[in-house]
Amino acid sequence: MNKSRKLSLLCAAAVSAFFVFVQSGFAVNVSGGIPNVEEQREVRLISMTHQYDLNPHTANYTSEAQVLSGLYEGLFSYDPMTLEPRNALCVSYKISRTKKRWTFTLREGACFSTGEPITAATVRDSWLRLLATPNAPYSSLLDFIEGARNFRTGKGIKEDVGISVRNDKTLVVHLEEPAEHLPRILCHHAFSIVSSKPNSYSGAFTLKSYKNNTLVLAKNPKYYDAASVKIPGITITLSDDLEENAYQFNTGNADWITEGNALVSKIINSDAIHVAAEFGTYYLFFKMGDSLWSNTEFRNALLEAIPYDALRKNITVPATTLVYPLPDYPSVSGIDDYDSDDAIAMMNKAREHAKIPYDKKLTLKFAITDTDFMKDLASQLKAAWEPLGVELVTETTTMEQYNSLISSWNADLFAYSWIGDFADPLAFLELFRSDSSLNVANYKNETFDEYLLTASRADTSEEHYLYLSRAEKLLLDESLIIPIYHPISMHLIDLSSVGGWQTNALDMHPFKYLYIKHQTSSLPNLVRYTK
């Protein structure tokens with residue numbers, strides 16, 4: 001999922017100033033307590049100002065994913081602590097001996113908020129609509145289903161897609177290749193069960209209203225597990241006024257501020273500040289096309305010239321690889337070595353092979369946002385590449401427009417911040433598979449694709465990880481990406497008053513588990529707050 005870089009930098013700055021960050025693993029914070037029914041009320045949340053896309057098939061930001069996790073649900077949902085798949089609309093499944101046929105049994109009595117039954121046909125039709133949506137970023141994650149890729153790309157018909165209905169509660173999915181990670185993928189909001197009718201929700205909440213930068217969610221009484229949902233609703237206020245947001249939190253008018261979206265220095269209760277590593281990476285990438293920067297030799301020379309220690313200076317968690325280091329994932333040699341003399345020699349050799357004069361100025365267009373961070377990155381790259389006879393030219397747009405323009409933008413170098421959509425390195429590597437709907441880099445490499453395919457066929461997690469690590473190494477060896485940092489998350493929430501919230505690597509906090517705790521005041525009798 002895309003993540004706002006404004007958020008990432010805000011969190012990084014706050015951590016550097018106020019906290020010690022532990023990099024050995026992902027933090028987990030488990031809140032306890034038994035909810036008292038009489039004390040339950042709506043949860044009040046403040047998030048960054050952003051125009052929310054609440055269509056699960058097209059939404060692409062972590063802030064949207066958070067809301068969609070409350071409005072919609074699929075066959076599986078994320079465990080809020082371990083991120084492992086939990087049965088949701090699916091109560092059980094079995095896999096054939098060949099691992100190419102999955103049979104799902106759906107929950108009895110499940111229905112949308114409108115009362116419309118959720119059947120196997122509903123699931124099939126929802127996924128087919130996803131595959132038929134041209135701008136659906138995650139649709140290619142279903143390409144291992146028979147006929148899905150052809151239907152998605154307009155080369156086939158929906159009747160040939162290997163999703164069949166045996167009866168109302170039995171869905172059968174036929175795969176072209178084994179996909180051990182299928183339940184983890186199906187936790188993602190893109191594969192939620194969506195009705196063809198408007199204002200119909202399959203999740204724990206419904207959208208009551210969205211206006212004046214406020215989203216109001218109400219508990220869905222027809223949700224199959226409504227008895228376990230404790231709070232009556234959630235109000236989400238969109239605000240970028242950091243000082244006002246801190247005031248609202250300190251005075252009890254906000255229970256939870258997402259994405260560190262407040263003036264942290266004015267938060268009275270420091271125990272309410274929660275910081276964790278994220279399974280994500282901010283990086284630069286070259287867009288493949290007709291320019292000479294699609295030539296690996298030229299890119300190798302560029303990356304050899306970059307002073308990485310300066311480029312990543314003051315970064316909380318510097319990144320040298322694409323995939324955040326995971327337990328049991330083979331070590332991949334990262335990008336951090338550089339030599340300016342070697343870079344000049346490599347560039348001259350690349351020019352010689354391409355029959356380009358040594359003294360000809362080469363232009364590289366870098367697409368950036370109008371932020372100081374991006375301008376500083378561009379300045380450092382420009383200085384590093386000038387001795388190679390390369391002129392870096394920047395083209396600028398706003399943060400709000402940036403990601404949507406990448407596919408049509410005629411530039412050579414772009415920036416991306418990506419949070420893994422499921423707990424597997426494939427969540428990053430899928431961005432570079434030839435036929436992936438997420439492949440904004442237009443990268444095509446048969447060897448890379450074969451590594452991913454072999455990983456999907458693996459019988460063990462060790463073999464799965466081995467081939468994924470080889471795919472990642474290939475990306476790095478081809479100098480396609482320049483890793484900058486691994487983002488971190490920051491949330492303000494008082495876990496002595498709100499339960500059911502845990503930090504985790506995907507920064508996903510399903511609304512259905514939230515509840516209000518019985519509490520006695522732990523603050524002094526008099527609190528003075530100065531705005």
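The axes of helix α13 and helix α14 (residues 461–477) come within 7 Å and cross at roughly 165°. That angle is over 145°, so α13 counts as roughly antiparallel to α14. The model is a predicted one.

**Helices α13 and α14**

- The crossing of this pair is left-handed.
- On the α13 side, the contact is made by Thr447, Phe448, Tyr451, Leu452, Thr454, Ala455 and Ser456.
- On the α14 side, the residues are His464, Tyr467, Leu468, Arg470, Ala471, Leu474 and Leu475.
- By class, the contact of α13 with α14 divides into 9 nonpolar, 4 polar and 1 charged.

**Arg457, in α13**

- Arg457 lies in helix α13, which spans residues 446–457.
- Its relative accessible area is 37%, so Arg457 is partly exposed.
- Setting aside residues up to four places away in sequence, Arg457 touches Glu177, Pro178 and Glu450.
- Arg457 and Ala179 are 278 residues apart in sequence, yet their C-alpha atoms are 6.8 Å apart in space.

**Helices α7 and α9**

- Two packed helices are described by the angle between their axes and the distance between the axes.
- Helix α7 covers residues 296–304, and helix α9 covers residues 340–354.
- Their axes come within 8 Å and cross at roughly 165°.
- α7 and α9 are therefore roughly antiparallel to each other.
- α7 passes α9 in a left-handed crossing.
- α7 contributes Glu297, Phe298, Asn300, Ala301, Leu302 and Glu304 to the contact.
- α9 contributes Ser340, Asp342, Ala343, Met346, Met347, Lys349, Ala350, Arg351, His353 and Ala354.
- The contact of α7 with α9 has 8 nonpolar, 3 polar and 5 charged residues.

**Nonpolar cores**

- The largest nonpolar core has 120 residues.
- Within this core, Leu75, Phe104, Trp127, Trp385 and Phe432 touch the most other members.
- Helix α10 (residues 372–385) supplies the largest share of this core, with 7 residues.
- Another core, of 30 residues, lies apart from the largest one.
- Among the members of that other core are Leu54, Leu68, Tyr72 and Leu238.
- Leaving aside neighbours within four places in sequence, the contacts of Phe104 include Leu75, Phe76, Cys90, Ser92 and Tyr93.
- Phe104 is also in contact with Lys169, Thr170, Leu171, Val173, Leu182 and Leu186.

- The buried residues of α2 include Thr62, Ser63, Glu64, Ala65 and Gln66.
- Val67, Leu68, Ser69, Gly70 and Leu71 are also among the buried residues of α2.
- Among the elements covering them are β8 (205–211), β9 (214–219) and β10 (233–238).
- The cover also includes β11 (256–257) and β16 (413–419).

**Positive phi values**

- Most residues other than glycine have a negative phi.
- Lys99 is not a glycine, but has a positive phi of about 65°.
- Lys99 sits in the loop between β4 (90–95) and β5 (101–106).
- Lys99 counts as partly exposed because its relative accessibility is 33%.
- Ser479, also a residue other than glycine, has a positive phi near 55°.
- Ser479 lies in the loop between α14 and β17 (481–485).
- With a relative accessible area of 5%, Ser479 is buried.

- Ser333 is found in the loop between α8 (308–311) and α9.
- Ser333 is exposed, because its relative accessible area is 64%.
- Ser333 and Leu480 are 147 residues apart in sequence and 15 Å apart in space, C-alpha to C-alpha.
- Asp507 lies in the loop between β19 (498–499) and β20 (515–516).
- Asp507 has 9% relative accessibility, so Asp507 counts as buried.
- Asp507 and Gly260 are 247 residues apart in sequence, and their C-alpha atoms are 12 Å apart in space.

Notes
Residues numbered from 1 in each chain as written. Predicted model: local features only at pLDDT ≥ 70, side-chain atom pairs only at ≥ 80, totals over all residues. Heavy atoms only, no water. Axes fitted to C-alpha atoms, helices over the stretch in contact; angles between N-to-C directions. Helix = DSSP H or I, 4+ residues; strand = E, 2+ residues; numbered from the N terminus. Parallel < 35°, antiparallel > 145°, perpendicular 65-115°, else oblique. Left-handed = near helix turned anticlockwise from the far one by under 90°. Contact = heavy atoms within 4.5 Å. Nonpolar A, V, L, I, M, F, W, Y, C, P; charged D, E, K, R; others polar. Core = buried A, V, L, I, M, F, W, Y, C linked by side-chain atoms within 4.5 Å. Buried < 20%, exposed > 50% of the residue type's maximum accessible area, 1.4 Å probe, protein only.
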